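Here are a few friendly notes to read alongside the model. Take them one at a time, with the structure open beside you.

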Amino acid sequence: MIKVVKFGGSSLASATQFAKVGNIIKADPERKFVVPSAPGKRNSKDTKVTDMLYACYDLAEAEKDFSKELKKIKERYEAIINGLHLTLSLDDEFKTIEENFKKKAGSQYAASRGEYLNGIIMANYLGYDFVDSAEVIIFNEDGSFDADTTDKLLGERLSKLENAVVPGFYGATLGGVVKTFSRGGSDITGSLVSKAVHATAYENWTDVSGFLIADPRIIDNPKPIKVITYRELRELSYMGASVLHEDSVFPVRKAGIPINIRNTNAPDDEGTWIVESTCHHPAYTITGIAGKKGFVSVNIDKDMMNAEVGFGRKVLSAFEENGINFEHMPSGIDTMTVFVHEPEFAAKEQAVISAINRNAHPDSIEIEADLALIAVVGRGMKSTRGTAGRIFSALAHANVNVKMIDQGSSELNIIIGVSDNDFDTAIKAIYDIFVTTQL
């Protein structure tokens, strides 16, 4: 039985937090491989080490003195080392970093040093082997990730070790150029390590006790989700629920490895299990609610549209020509609506309209801005009659005008369009009817 444990920056921000993490790891001998992030904020006014490294490197790239900023970063690590009473010096590491900054090794190299240094401390503290991710997480020269080579190298290296620390967030090309995943990419590293060692579980430790049914900034003390499927997670993550980096799902999903989201500050909480499939019935009809603001709807009208072969392709080609992705596309007999992100669309609005007119010759085009999309997601919806009716009843009772509804053929989710001003009200109404009152 092998578990891979990944700890976020807030879990490793100080020596006190480090000690908590150490106790968690040592409490279960199956926790054999550890993936640490860089130190996060110690308090609300603090700065994450990764941000400090970016700022420091910006000075180096501008050929300005960065010694003061690098010293502050070193002091952050020394505070952790001293607080843990370790006999460890990072002097040589910081000399190398200083030299590489002067050589302009790149902002990705700079950002990666946060996890690299924290990995050295973690390995020293636990007495585990340290494996530099630059040697086993492989990127292509163009910056794209090489999954096959990574899986092979990681598997070979870790199969020879009983316990190891593998820093998150970064890797390197075969030529040695350090590359990073997008922010939050330590989640991906944990997933890759889990797949490579054929782990029985991937524990992702953060500062919350798993996923919640709704955003706690909108709903007071929302109920936790005990079990969620990968498909449900994908839907909720895409619409803004951000506990886990969405790309971290794919390696473990392919290998059939469950993810357990846990809370470093409440280690006895079970957290949320993310699984491929389950016979466990959700506590409520819905699993979760998530949403985003800032959408635009482009409404296209044309008589006999449904009889014109290729009409949809002609309309969508106008967005493709201008490099704009569309989110949803509900349609009727003579109408078609395309939902897009407002920030992407606004700068190219007239070019898109011109292209639609040129390609599809519609009778009219209307644009409506300041819209929000809300996803109501749940595997329990498929076997429950009247789910959509309950949603609309709740929204009508809350005086929310529904602009759009789109339900996937899987019956896993229902997407609702409302005005930005009604966003919070709509989520509260949906949560209330399915969770609080369970009508």
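1. Let's start with a pair of side chains. T264 and S11 are joined through their side chains by a polar contact of 2.6 Å. Please keep in mind that this is a predicted model, so treat the distance as a computed value.

2. Where in the chain does T264 lie? Look at the loop that runs between β10 (259-263) and β11 (272-275). S11, its polar partner, is also on the list of residues that T264 contacts beyond four places in sequence.

3. Is T264 buried or exposed? T264 has a relative accessible area of 2%. Because buried means under 20%, T264 counts as buried.

4. Now zoom out to the whole protein chain, which has 14 helices and 16 strands. Its radius of gyration is 25 Å, close to the 22 Å from the globule rule for 439 residues, so the chain is as compact as a globular protein of that length. The C-alpha trace spans about 75 × 50 × 40 Å along its principal axes.

5. How is the chain packed? Buried residues make up 51% of the 439 in the protein chain. Among contacts with a separation of 6 or more, 74% are between residues 24 or more positions apart.

6. Finally, the surface and the charges. The protein chain has an accessible surface of about 20,300 Å², and carbon and sulfur atoms account for 47% of that. There are 48 positive and 60 negative charges, and their mean positions lie 4 Å apart.

How values were computed: Residues are numbered from 1 along each chain as its sequence is written. This is a predicted model: local features need pLDDT of at least 70, side-chain atom pairs count only at pLDDT 80 or more; totals for chains, interfaces and linings use all residues. Side-chain values use heavy atoms; hydrogens and water are left out. Helices (H or I, at least four residues) and strands (E, at least two) are DSSP runs, numbered from the N terminus. Buried means under 20% relative accessible area, exposed over 50%, partly exposed in between (1.4 Å probe, protein chains only). A polar contact is a pair of N or O atoms within 3.5 Å; within protein, one must be able to donate a hydrogen and the other to accept it, and residues adjacent in sequence count only if both atoms are side-chain atoms. Contact means heavy atoms within 4.5 Å. The radius of gyration is taken over C-alpha atoms; the globule rule is 2.2 Å times the number of residues to the power 0.38. Accessible areas come from the Shrake-Rupley method with a 1.4 Å probe; for residues, only the protein chains shown count as cover. Lys and Arg count as positive and Asp and Glu as negative; His and the chain ends are not counted. The place of a charge is taken as NZ of Lys, CZ of Arg, CG of Asp or CD of Glu.
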